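Open the model in your viewer and keep the selection tool ready. This tour goes from stop to stop.

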Amino acid sequence: MMAGANDRTYELWENAPAPNRGGDFDQVVARGYPFDADWERWSYPIGNGYIGANVFGRTDTERIQVTDKTFHISGLYGRDHGGLTNFLELYLDFDHADVSDYRRALNLNDAIAEVSYKHSGTRFDREYFVSYPDKVVVIRLAADKPGALSFRVRPEVPYVNAQQPQDARTAKVVVDGSLITLSGRQAYFPINYEAQVKVLHEGGRLTNGENSIQVHDADRVVLLVATGTNFRQGPHIFLNPREEKLDPDLLPHEQVATTIRQAVDKGYEALRENHLADYRNLFGRVRVNLNAEPTDLPTSALLDAYKQGDRATWLEELLFQYGRYLLIASSRETSLPANLQGTWSQYEMSPWTGGYWHNINVQMNYWGAFNANLAETFEAYIDYFNAYLPQARIYARDLVRQRDPELVTEEGDHGWVLGTGASTYNIMPPGGHSGPGTGGFTAKLLVDYYSFTKDREFLEEVAYPALLSLSRLYSSILVPHGDLLLVEPSASPEQHITLSQYERGVPGEMHGNGYYVTAGTTFDQGFVWKTFNDTLMLARLLGKEDPFLQTIAEQKKRLDPILIGSSGQIKEYREEDAYSEIGDPHHRHISHLCPVFPGTLVNAYTPEWRAAASRTLDLRGDGLTTGWGMAHRMNVRARLQEAEQAHYWLQQMLRHRTMENLWTTHPPFQIDGNFGVMAGVAEMLLQSHTDWIEPLPALPEAWAPSGMFEGLVARGNFVVDASWQDGRANRFVVTARHGGECRMRYPGIEHAQVRDAKGNAVTVQKMDGGIRFNTTKGKRYTIELDHQALAKPPVAWASHP
């Protein structure tokens with residue numbers, strides 16, 4: 001452990017329960033979608049990737065709202081898209097009206113929610129977690145006096161009276177001793193569902209009521225909740241029509257009953273130990289100190305103070321670690337990926353259906369997975385990708401046929417592609433407000449997974465075949481425009497053109513809702529370039545020889561992906577001259593800056609483009625936008641190594657788009673903002689997108705006095721630790737999880753001493769203001785810096801080789 005590191009406890013906490021001001025289902029409408037402030041702002045989310053639960057911590061009637069990511073209704077977009085819906089409401093009737101010493105918390109180190117208070121001279125304690133190893137929600141209730149626990153367990157199936165006939169759900173509740181079983185069918189797909197609630201008690205007794213169990217005079221109680229449906233992920237989900245996606249004869253009863261039975265056999269202590277061992281293995285990998293001191297303020301008071309001008313960096317550090325917590329809770333190795341709301345929804349219809357939106361949102365969910373040392377969480381998306389890939393190949397064939405029917409053959413590989421909209425049950429074809437660059441946007445994640453993990457099997461079996469196939473699609477649909485090859489039709493995601501702009505004369509077309517469709521947007525050209533470039537890079541790593549590789553190498557030269565306009569901006573459209581001649585000048589998307597981040601086309605080796613990217617952000621403005629829009633701006637500023645501007649967007653996110661439970665909001669609630677901030681903080685602390693690992697590339701003044709991080713990951717699967725004082729690093733530690741050459745750049749690092757774990761000097765080669773040295777898999781290397789050398793200004797970047 002580095003000097004200055006410590007085991008910091010991260011928790012959200014309040015001294016009052018989540019309010020219940022309007023009733024649990026009294027929803028207002030925000031931006032056309034339902035909005036429950038009590039759920040969105042004040043409940044605490046727990047989850048295991050499969051199940052999400054929201055804890056309210058109430059003392060009269062506790063509410064635990066449960067989501068299962070496979071449980072969907074018809075949705076908003078047709079095409080059998082589906083939409084995430086609320087699965088279960090679990091109420092615990094205590095009738096404790098007068099309480100004192102109340103405290104509720106969400107401990108991020110352990111992924112356990114807690115409630116404690118006194119009532120009538122007795123202390124009551126509750127503990128809640130959702131276990132990934134054992135696939136159950138676990139709730140433990142205790143009191144400091146024997147026989148003090150008396151309450152009613154009352155689960156309900158929500159939204160039985162659906163707003164739309166096709167979304168009707170049946171519900172049967174059976175109470176049998178210590179077990180409540182809720183089962184039925186949601187009509188649309190249809191989905192067979194079941195939940196079981198098991199009540200385990202020490203002392204006292206149980207009695208059965210109508211759809212409920214009454215606990216009398218118990219010493220301790222453990223509740224177990226398991227859910228299940230007849231959803232089974234696979235290509236059939238995306239290839240088959242709605243009525244054939246699921247097996248109507250498959251009932252989840254045996255699966256759910258087995259889960260509960262096994263959990264009962266293990267007992268509470270074993271369930272808790274399994275949960276902690278699993279979760280801590282992930283969350284405990286990264287430690288940070290952003291010049292921050294923990295505070296004793298409740299989280300809502302801390303957030304309010306921050307908004308009023310008290311810029312406590314503890315809240316910034318907490319938000320980073322909260323993003324890591326949420327990703328673990330909503331995306332695990334064998335679950336579905338994190339969706340637009342992670343894995344939580346109390347609504348009959350989640351905003352934007354709780355889907356996987358591929359023009360930035362689902363990608364942002366995983367931007368920070370790799371450098372924040374949570375690569376396993378992306379395995380959920382890999383499985384999802386493999387499931388939808390056959391349908392994506394059909395869409396690609398259709399797209400090639402539109403371009404030139406003679407290019408289509410029965411047996412040929414025509415690639416794969418998907419549009420913006422996707423869900424657990426469906427993916428959409430490209431078109432509308434976003435161009436086919438969405439495919440390249442997605443493929444970038446596959447390349448990053450390999451780059452950070454160096455998983456050779458994944459490279460051979462998933463990443464390279466996917467990139468090569470997508471390159472075949474792009475190669476087929478590019479349209480000659482003089483010496484150039486352009487994507488046509490092409491659209492910059494969700495960007496509008498006004499009627500007055502359109503009437504001034506533009507070569508593109510204005511489609512429904514004012515979306516502008518043209519040829520060769522920077523978004524599409526940039527991701528075609530990136531896909532070709534990554535395909536060629538992966539082919540070199542594998543020693544592949546294929547004439548098609550030469551084809552895309554030549555086509556790449558004709559893409560002309562980055563153009564600079566008369567305002568000094570990176571053009572969003574080829575036909576624009578001055579900034580905002582086409583489109584909303586302050587639009588939430590900055591799709592034409594994707595070649596900066598998450599792409600790598602614009603980098604320190606392209607200083608003119610880099611300056612233009614910074615100018616583009618200046619022109620986009622510093623005003624309010626969506627939460628995820630702020631997060632993308634933060635990441636681009638970090639990638640440009642503009643520390644104060646990146647930190648500004650972090651501050652804006654906390655001031656304007658973060659709620660009391662630290663969920664971020666569009667509005668309404670969307671989890672991509674949380675994940676985008678997590679990625680942005682990691683990007684400010686460590687970069688590796690060029691040939692170099694660069695620690696502390698965008699360290700803002702607020703974090704500069706002192707700090708450290710441990711466990712962030714650079715490409716090449718190098719784990720990096722750093723500590724600093726007065727804005728200057730004093731030591732780095734590198735752990736080579738894969739081995740190979742390590743290249744690091746930092747001002748003055750060429751004067752540093754590099755030693756292995758035994759204290760032996762390591763041979764170092766100095767070049768271009770950095771150092772490089774060979775590493776052995778599993779070994780640690782310490783780099784001690786010379787503070788006199790650190791006083792020197794950063795070296796100038798070498799030109800690209």
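**Stop one: the largest pocket**

By class, 14 nonpolar, 13 polar and 12 charged residues line the largest pocket. This is a predicted model. Select Met 537, Ser 688, His 689, Thr 690 and Asp 691: of the 39 lining residues, these lie nearest the pocket's centre. The space here comes to about 1,100 Å³. Now colour helix 11, which gives the largest share of this lining, 7 residues.

**Stop two: the cavities**

How many cavities of 30 Å³ or more does a search of the whole structure find? There are 5. Go to the largest cavity, with about 110 Å³ of space. Select Trp 367, Asp 448, Phe 597, Arg 639 and Arg 715, which lie nearest its centre among 15 lining residues. Helix 8 gives the most to this lining, 4 residues. By class, the lining has 8 nonpolar, 2 polar and 5 charged residues.

Move on to the second largest cavity, of about 70 Å³. Its lining includes Gly 47, Tyr 132, His 275, Tyr 325 and Arg 332. Helix 3 (253-283) and helix 5 each give two or more residues to this lining.

Show side chains for the contact: Leu 315, Glu 316 and Leu 319 from helix 5, and His 647, Leu 650, Gln 651 and Leu 654 from helix 15. By class, this contact has 4 nonpolar, 2 polar and 1 charged residues.

Definitions and conventions: Residues are numbered from 1 along each chain as its sequence is written. This is a predicted model: local features need pLDDT of at least 70, side-chain atom pairs count only at pLDDT 80 or more; totals for chains, interfaces and linings use all residues. Side-chain values use heavy atoms; hydrogens and water are left out. Contact means heavy atoms within 4.5 Å. Ala, Val, Leu, Ile, Met, Phe, Trp, Tyr, Cys and Pro count as nonpolar, Asp, Glu, Lys and Arg as charged, and the others, Gly among them, as polar. On a 1 Å grid over the protein atoms alone, a cavity is a set of points where a 1.4 Å probe fits but cannot get out, and a pocket is an open set with protein on both sides within 12 Å along at least five of seven lines; lining residues have an atom within 4 Å of a point. Grid points are joined across faces, edges and corners, and a volume is the space filled by probe spheres set on the points.
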